[in-house]
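Please examine the sequence and the structure shown below before reading further.

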Amino acid sequence: MARVLCAGLFVAAAALPLLTGNTYYLYVASSVGLLTIVTAGLNVLVGFTGQISLGHAGFYAIGAYAAGVTSVRLGLSPWLGVPLAILVAAAVGAVVAGAALRVTGPYLAMVTIAFGIIVEGILVEWVAVTGGPGGIFNIPKPPLGQAYWIILAVAALSLILVANLRRSAWGRALLAVKGSDVAAESLGLSAYYVRIVAFTVSAGFAGAAGGLFAHLNGYISPDSFGLQASILFLLALLFGGEGRVAGPLLGSVVLTVLPEFLTALTDYRLILYGSLLMVSIYWLPQGLVGALAPRRGEETGRGGAGERGSRGEEAQGRACAERQVEPQRDPAGRREEQGSRGAGERGRDEAQRPRGPEAQGTGETLLTVEGASLAFGGVAALADVSLEIPVSGIRAVIGPNGAGKTTLLNALSGFYAPDTGSIRLNGTPVAGRPPYTIARLGVSRTFQTAQVFGELTVLENVAVGVAGPRLGSVLAALAGAPWTRRADEAIRRQALSLLDAGGLAEWAARPADALPAGLRRRLEIVRALATAPRLLLLDEPAAGLSPAEIAELDAYLIRLKTTGGPSVVLVEHHMDLVMAVSEHITVLDYGRVIASGTPDAVRANPAVIEAYLGAAA
Amino acid sequence: MNALTIAGLTAGYGAIQVLQGVSLAIAGGTIVTIVGANGAGKTTLLKTVAGVLHPWRGTITLNGEEIGGHPSYRVARRGLALVPEGRGIFGDQTVRENLLLGALARREGRDPESVGADLERCLGLFPALRDRLDGLAGGLSGGQQQMLAVARGLMARPRVLLLDEPSLGLSPLFVRQIFDAIGRLRAEGLTILLVEQMAAQALALADRAYVMERGRIVLEGTSAEVRENPMVLHAYLGRTEDAKEAR
Amino acid sequence: MYGLVALGYHITWVTSRTMNFSQGHAVMAGAVVAFAFYVGLGWPLWATVIVTLVILALLGVGLERVAVRPFFRAGSAAWLLSTIACGIIAENVAMLTFGKDARAFPSALTQKPILVGGAGFYAQELLIPVVGLLLMGGVQLFYHRTAYGKQLKAVAYNPEAAGLMGIHIPRAVMFAFGLSALLAGIAGILLAPILNVAATMGSIIGLKAFAVAIIGGLTSAPGIVVAGVGYGLVESFVAGYFSTGAREIVGFALVILVLIVRPWGLLGTRPPRRV
């Protein structure tokens with residue numbers, strides 16, 4: 001529906017010069033076009049990757065001045081100048097991103113604002129190149145009609161490029177990092193790298209618009225490139241609808257045309273912008289596009305009792321009546337590792353403690369942990385843990401609350417680095433390597449609270465797993481190159497067959513946040529399996545599931561084993577599940593292994609019983 | 001009238017329902033314990049009662065007053081104190097400051113003399129804190145922090161005290177000390193709801209007990225009755241042969 | 001002088017882990033309101049000061065209610081943007097009521113410059129760091145010595161536990177915002193005679209003050225004041241040797257550098273590895 005609207009707008013726009021010779025209208029329409037180009041790029045950064053930038057006027061300026069300088073000082077043709085402007089803007093973008101993306105949230109906003117101001121300052125000061133406050137004039141201007149067509153074409157192209165991107169593996173990777181960077185890393189994606197690419201692309205788009213602006217106007221000066229411009233860009237995007245392809249267009253139209261209509265109210269312009277911004281944040285979180293054409297998930301209603309929206313769900317979960325500051329997405333181990341723990345040694349490992357390779361009849365060892373220890377603030381979360389995981393089979397790690405199970409899982413998947421000890425995957429040491437590296441070596445996991453990528457469809461979630469870090473060239477993705485499309489088809493087909501095997505095929509086209517809670521967990525597992533891992537780590541997979549669902553999970557895990565799936569390590573509290581599917585159980589208490597063996601052996605082990613129930617009175 | 005009554009309480013986080021209609025009653029001056037494996041919903045229950053979480057359905061009555069749905073700072077001032085899992089002490093302030101903050105919720109006002117007297121009483125209960133009154137709370141060991149947390153809860157002179165896994169992460173020595181202190185508090189007439197994973201010790205101390213599994217109460221009775229029941233082991237370690245036959 | 005405004009950022013951050021991005025605009029509001037009463041209505045100075053501060057505090061509280069609290073659930077960026085939005089709305093309102101030009105704010109302390117070793121200072125300019133230091137001391141005292149200050153610290157450290165103590169969380173946050181607006185108001189009144197009151201003075205002051213807060217460390221009041229003084233010195237230095245425009249460039253480049261190397265500021269505390 002949104003696409004029809006867009007196409008309609010473009011047709012109307014194309015017809016405009018034929019309908020009226022009035023240069024004013026053409027100029028306004030050109031401005032809309034330019035803003036669309038910028039916001040389309042910004043959409044990649046803000047809408048797809050979830051990062052805020054309030055400094056894009058800086059890239060716009062770089063583009064404009066690059067084009068201006070090359071054409072006026074160097075006599076370069078605009079056909080060369082503008083592409084050059086794009087390259088320069090993108091290059092600067094990459095550098096800024098490398099530095100800026102080490103921080104997030106308000107700090108990132110600050111860095112981008114600072115960048116914008118610095119650029120503005122340089123424009124004013126570096127008189128030799130930029131002409132100082134006077135700017136550059138006499139930039140070659142094609143006749144307005146021609147300029148208009150070019151801008152229109154580029155604007156349409158921008159939207160098409162972004163739409164291509166969205167459909168490709170890169171687009172999914174961006175949204176994955178936005179949705180849950182922790183989960184994205186566990187699938188092999190480096191969030192830092194992905195964000196840098198998004199930033200660079202958006203800088204390039206802004207540069208393009210800037211270059212075109214220089215030639216449209218014939219004159220550029222530092223005034224047009226201040227913080228207000230950056231705010232306008234962001235506002236246009238948010239109002240139109242971030243994350244939606246048509247958002248930039250609608251936002252640009254409204255925010256360019258509206259002030260023109262209300263010239264009587266120029267003085268109130270800022271009030272208008274400010275209010276629009278607040279309105280769009282509060283009432284139109286998906287922008288105008290979202291209001292007109294909501295995502296399919298919302299139309300058909302959300303399943304499950306009392307669904308309160310997945311955004312901020314974890315945050316709400318922690319403290320409802322009180323405001324939880326800084327809702328952090330750290331599902332990995334938050335519940336267990338709170339506060340400090342007593343210094344007391346329990347010393348109850350006189351009972352079974354395995355030494356040497358397990359005689360489980362499974363042959364080779366996949367993963368070896370030796371003497372791993374990890375302390376938080378002086379308190380040992382893991383103390384001299386050693387265990388071995390064979391190439392296939394299902395094992396469980398259990399223990400009372402706070403025993404260190406999730407810490408162990410996090411250490412195995414790279415989210416924590418052990419202080420001492422080693423972890424070897426097929427002989428390769430992996431302790432302390434970043435999560436995405438370990439993921440790429442064949443370790444996959446799920447999280448205590450299911451981290452599905454809400455904005456992607458169920459199929460796309462799995463597709464992220466299938467593709468992993470193999471994203472191809474982002475330029476090819478933008479261009480919608482045939483080989484990218486073919487690769488994409490293959491990925492989707494594979495994802496669909498995985499969904500089918502997991503019993504989720506009917507949900508394939510629905511947004512992942514429409515899934516009821518029990519199925520989200522399953523999606524997470526299917527997605528984790530999509531990376532064809534050698535080791536699958538499941539963190540409390542039965543949490544929040546009904547007994548029937550747990551039985552299904554039982555069956556699923558056993559089926560995995562018999563059909564030659566990966567080695568599975570399961571951290572769990574639900575003893576029914578653990579006893580039913582595991583061949584081997586390791587019991588942790590106070591960060592130490594206190595027992596290890598078959599389910600029956602462990603269950604009868606007095607040390608284990610004592611750990612759970614406390615010393616008998 | 002019971003000190004605390006909960007009826008049909010349903011609650012959860014976001015879209016995930018944890019409590020499936022919990023009902024229980026605590027008589028004044030007794031210790032009631034709730035045992036159950038992790039994930040059973042014990043902490044969720046305490047948080048909902050204390051006002052940290054919003055109940056979805058059901059009622060919570062404190063000494064006849066309805067407190068369900070009120071935010072935690074209001075519930076605290078009505079005489080219900082929660083010592084949370086993980087202790088929740090303010091590490092950047094001293095032990096004394098932490099204790100004084102606890103006194104904020106007193107219904108009797110905060111004249112320095114009576115607060116001072118309360119402070120003395122708490123130190124009497126937990127002598128280890130006396131030497132460290134002016135040290136930073138963050139520097140205490142786990143066991144000492146737990147004592148501080150309990151003492152801080154007591155400074156509010158609550159009518160009902162909720163304790164969320166006070167034994168968590170503590171050595172047996174500290175656990176014994178804390179449980180002794182809890183016993184003494186009951187002797188002074190305080191009503192206590194104790195949530196614990198260390199079932200044996202909690203059951204030894206309490207008057208009545210409830211067993212929770214997956215968001216529901218599955219067993220209730222006097223603590224002696226519950227201790228004997230094979231279902232308790234089942235709640236922790238999964239199906240045993242006896243439980244299987246009992247089905 | 002930026003330190004003063006930056007203290008406002010520090011306060012709201014320490015209490016509620018949020019910031020009021022329109023702090024600079026609050027300064028402007030302070031200056032404008034003071035102008036309105038002192039010059040416009042001819043009220044005596046002491047009355048002007050009181051009224052201005054009260055109005056500013058109310059504005060701060062109002063901002064928190066309208067722009068921060070409702071947006072808190074919408075994700076971490078929303079409240080940020082909405083405070084920016086409010087800021088620009090405020091700027092516009094000021095432009096409409098006050099006019100676009102800068103106007104002079106008369107003050108006894110700016111009549112005659114005091115000469116110190118070749119450079120001229122206005123007494124007013126000396127007043128600012130003095131007031132800044134006093135206020136910083138006051139803020140520190142408040143947080144570390146008074147009962148309410150400790151409650152606010154508790155709210156920042158662990159809001160859930162603070163609520164269990166019976167501390168009224170929403171009120172605490174409102175107070176923080178009100179207080180920081182108040183400080184902005186003081187800054188506005190003090191700066192008015194020096195900078196000339198204008199509706200547009202808000203943004204750049206706000207940004208620089210934010211930069212100072214980041215450099216000094218959002219969690220450390222002394223750090224902020226030190227950073228404020230340092231920043232001011234660097235600015236004057238750069239303006240003297242290079243040019244006024246370069247001032248901004250250097251200043252902000254410094255901020256970026258600090259953010260990359262030491263994101264919690266020079267004297268701030270590293271956020272604990274909250275796992």
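The model is predicted: local features need pLDDT of at least 70, side-chain atom pairs count only at pLDDT 80 or more, and totals for chains, interfaces and linings use all residues. Residues are numbered from 1 along each chain as its sequence is written, while chains are lettered from A and ligands numbered from 1 in the order in which they are written. Helices (H or I, at least four residues) and strands (E, at least two) are DSSP runs, numbered from the N terminus.

Consider strand 11 of chain A, residues 584–589. A residue is called buried if 20 or more other C-beta atoms lie within 10 Å of its own, exposed if 12 or fewer, and partly exposed in between, with C-beta atoms placed from the backbone. Six of the six residues of strand 11 of chain A are buried, so this strand is largely enclosed by the rest of the structure. In a regular strand the side chains alternate between the two faces of the sheet. In strand 11 of chain A, both faces are covered, with A:His584, A:Thr586 and A:Leu588 buried on one side and A:Ile585, A:Val587 and A:Asp589 buried on the other.

Two strands pair if DSSP finds at least two bridges between them. Strand 11 of chain A pairs in the parallel sense with strand 5 (residues 394–398) of chain A over four bridges, and A:Thr586 has A:Val397 opposite. Strand 12 (residues 592–597) of chain A runs antiparallel to strand 11 of chain A and is joined to it by five bridges; here A:Val593 is the bridge partner of A:Leu588. Strands 11 and 12 of chain A form a hairpin with two residues between them, and A:Tyr590 in the turn has a positive phi of about 55 degrees.

After helix 11 of chain A comes A:Gly241, whose phi is positive, near 130 degrees.

A nonpolar core is a set of buried Ala, Val, Leu, Ile, Met, Phe, Trp, Tyr and Cys residues joined through C-beta atoms within 7 Å. The largest such core has 218 residues, and A:Tyr60 and A:Leu235 are among those that touch the most other members. Helix 10 (residues 191–217) of chain A gives the most to this core, with 16 residues.

In chain B, an open sheet of four strands has the order 2-1-4-5, with antiparallel pairing. Strand 2 (16–26) and strand 5 (65–66) of chain B are the edge strands, each pairing on one side only.

Which elements of chain B give two or more residues to the side that touches chain C? Two residues are in contact if their C-beta atoms, placed from the backbone, lie within 7 Å, and 20 residues of chain B are in contact with 15 residues of chain C. The elements are helix 2 (72–77) and helix 3 (95–102) of chain B, and helix 2 of chain B gives the most, with four residues.

Chain C itself has eleven helices and two strands. Of its 275 residues, 56% count as buried.
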